[in-house]
Amino acid sequence: MHNQFFVFLKALLGSCKDLLPIILVIAFFQFAVLQQPMPNIGDILIGLALVVLGLTFFIYGLEMGLFPIGESMAQAFAKKGSISWLLTFSFCLGFGTTVAEPSLIAVAKEAAIVAASGGIISDTIESQLSYANGLRFTVAFAVGFAIVVGVLRILRGWPIQYLILGGYVVVVLMTMIAPSWIIGIAYDSGGVTTSTITVPLVTALGVGLASAIKGRNPMIDGFGLIAFASLTPMVFVMIYGMVIS
Amino acid sequence: MDLFFEFLTTLKNTVVDVLPILSIILGFQLLVIRKPIPHVKQVGFGFIYVLIGLALFLLGLEKALFPLGKLMAEQLTSPGFIHAGEEVLTAIHWTDYTWVYIFAAAIGFSTTIAEPSLIAVALKAEDVSGGAINSNSLRISVAIGVAIGIALGSYRIVVGHPIHYYIITGYVVVVIQTFFCPKLIVPLAYDSGGVTTSTVTVPLVAALGLGLASTIPGRSPLIDGFGLIAFASLFPIIAVMAYAQLTEAKAHRADKKLEKRKIDKINKRNLNKNDKTP
């Protein structure tokens with residue numbers, strides 16, 4: 001018990017260190033550059049304490065729960081030897097985690113408002129909603145597809161460079177033909193898809209698969225799933241933009 | 001007391017967000033794999049810790065960092081601050097926004113250091129590489145990449161260049177680096193692009209971009225406001241590969257030095273021998 005408390009304290013200290021840069025940056029800009037007093041300092045201190053505590057719990061739970069379950073499932077699938085089930089699981093994991101992703105919902109809503117004010121879609125709530133939902137489902141489908149391709153790559157041992165570079169070529173080509181108002185949103189949608197819970201799970205899945213399959217190196221083959229998940233949404237969202245315009 | 005209720009609401013939202021993931025895992029575990037989860041108690045507690053941690057983290061961000069960060073982004077981009085109250089009739093100049101670039105870089109760096117998903121990947125990478133990749137160095141390189149990316153992205157919004165020139169140039173750099181950097185780091189570097197931008201960075205950076213695009217004359221939030229996140233997910237790839245190349249070059253130089261010293265020693269010995277033999 002005493003020992004566990006000590007571990008927790010150490011983790012807490014680590015979280016404080018992680019947060020220190022943000023505090024310094026905000027304090028410097030607020031006092032030195034903008035020269036404004038800090039508004040509701042009490043709230044901010046409470047908020048910071050919550051962030052530190054939250055980060056500590058998160059990392060603690062990560063090593064206890066998320067990493068082990070990701071790896072044990074990868075091993076179970078590898079032992080079972082059913083590729084179609086593994087790929088179904090990969091698609092569900094990618095699609096399911098992205099469709100509910102709060103930052104994607106936020107960005108899609110923002111994009112719909114901007115598109116409506118720019119006259120791309122009609123300025124009604126329904127059309128905004130359908131645009132935002134369309135965007136969300138496009139991105140979620142793209143991420144599901146990406147995880148499937150990424151898992152196939154691990155199984156087959158394809159080198160990652162060619163796939164990613166090929167993807168870049170597709171992005172560049174699509175950029176030339178896609179309408180210009182979708183490009184910024186499309187490029188951004190690659191970054192927002194991978195959430196705080198998806199990343200550890202997907203990483204553990206990749207590393208677990210690569211360690212369970214003979215002849216695969218977890219370092220070379222295990223990483224890279226997230227790279228796919230941030231590339232395919234760009235392509236799919238540009239297609240979406242071309243379809244609705 | 002209010003705080004406690006707010007915490008409960010955030011916790012409920014987090015649980016709802018995680019529900020699809022949880023049901024997929026449980027569904028496949030029970031219906032397809034059909035084996036009990038190993039260490040089920042520990043994993044369950046781990047999940048609960050993750051949920052509580054994430055809820056606390058989000059609530060804290062909502063309370064402290066987001067309002068302040070957004071306010072600062074607005075203040076720094078507002079014409080009143082940029083031109084210090086002077087009447088501006090001439091066109092804007094990109095150097096007027098120096099503080100914005102510095103803020104962008106600083107906030108990009110510091111939020112990336114605190115990004116939970118990056119911490120997760122860095123821990124895993126250190127673990128898998130057997131300590132050859134140090135998790136802190138990896139996080140710092142990614143953070144430097146994000147800092148450069150967001151600063152450059154803000155500059156682009158100010159001058160109004162089309163985004164794809166920058167992104168495509170970045171891709172070309174990535175392609176060239178891929179051929180020269182150590183093979184082991186490539187997949188991890190590609191991954192680090194995607195993990196940088198989640199919980200902390202996205203809301204702050206989006207606020208900065210939209211603030212910039214809506215206050216600068218001649219920029220439309222539609223075309224110029226987005227795109228900062230794309231910068232933030234491209235430059236870490238370059239930064240991580242550069243970090244690997246630097247480490248390798250350093251190791252290489254150290255090896256060479258050692259070798260040179262050895263050769264020198266052998267040469268000297270041979271010389272001495274030659275001297276002794278008449």
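A:Val192 counts as buried because it has 27 C-beta neighbours inside 10 Å; the cut-offs are 20 or more other C-beta atoms within 10 Å for buried, 12 or fewer for exposed, and partly exposed in between, with C-beta atoms placed from the backbone. This is a predicted model, where local features need pLDDT of at least 70, side-chain atom pairs count only at pLDDT 80 or more, and totals for chains, interfaces and linings use all residues. Residues are numbered from 1 along each chain as its sequence is written, while chains are lettered from A and ligands numbered from 1 in the order in which they are written.

Back to A:Val192, which sits in helix α7 of chain A. Helices here are DSSP runs of H or I with at least four residues, strands are runs of E with at least two, and both are numbered from the N terminus. A:Val192 and A:Pro102 are 90 residues apart in sequence, yet 9.4 Å apart in space from C-alpha to C-alpha.

Next comes A:Thr193, in the loop between α7 (180-192) and α8 (198-212) of chain A. Is A:Thr193 buried or exposed? With 28 C-beta neighbours inside 10 Å, A:Thr193 counts as buried. Leaving aside neighbours within four places in sequence, its contacts (C-beta atoms within 7 Å, placed from the backbone) include A:Thr98, A:Glu101, A:Val139 and A:Ser230.

The expected span is 1.5 Å times one less than the number of residues.

| Helix | Residues | Expected span | Span in the model |
|---|---|---|---|
| α3(A) | 83-99 (17 residues) | 24 Å | 24 Å |

The buried residues of α3(A) include A:Leu86, A:Phe89, A:Leu93 and A:Thr98. Which elements cover them? The cover includes α2, α4, α5, α8 and α10 of chain A, together with α1 of chain B.

That brings us to chain B, which has 11 helices and zero strands. Its C-alpha trace spans about 95 × 70 × 35 Å along the principal axes. The radius of gyration of chain B is 26 Å, whereas a compact globule of 278 residues would have one near 19 Å; this radius is taken over C-alpha atoms, and the globule rule is 2.2 Å times the number of residues to the power 0.38. Of the 278 residues of chain B, 48% count as buried.

An automatic or database domain assignment divides chain B into domain 1 (1-71) and domain 2 (78-276). The C-alpha centres of these two domains lie 30 Å apart. Their contact takes five residues from domain 1 and six residues from domain 2.

How do the chains meet? In all, 84 residues of chain B are in contact with 84 residues of chain A. On the chain B side, α2(B) gives the most, with 21 residues.

The mean pLDDT of chain B is 83, and 91% of its residues reach 70 or more. Among the elements of chain B, α10(B) has the lowest mean pLDDT (68) and α6(B) the highest (92). Where pLDDT is low, the predicted coordinates should not be read in detail. The model scores ipTM 0.85 and pTM 0.85.

How values were computed. Two residues are in contact if their C-beta atoms, placed from the backbone, lie within 7 Å. pLDDT is the predictor's confidence in each residue, from 0 to 100.
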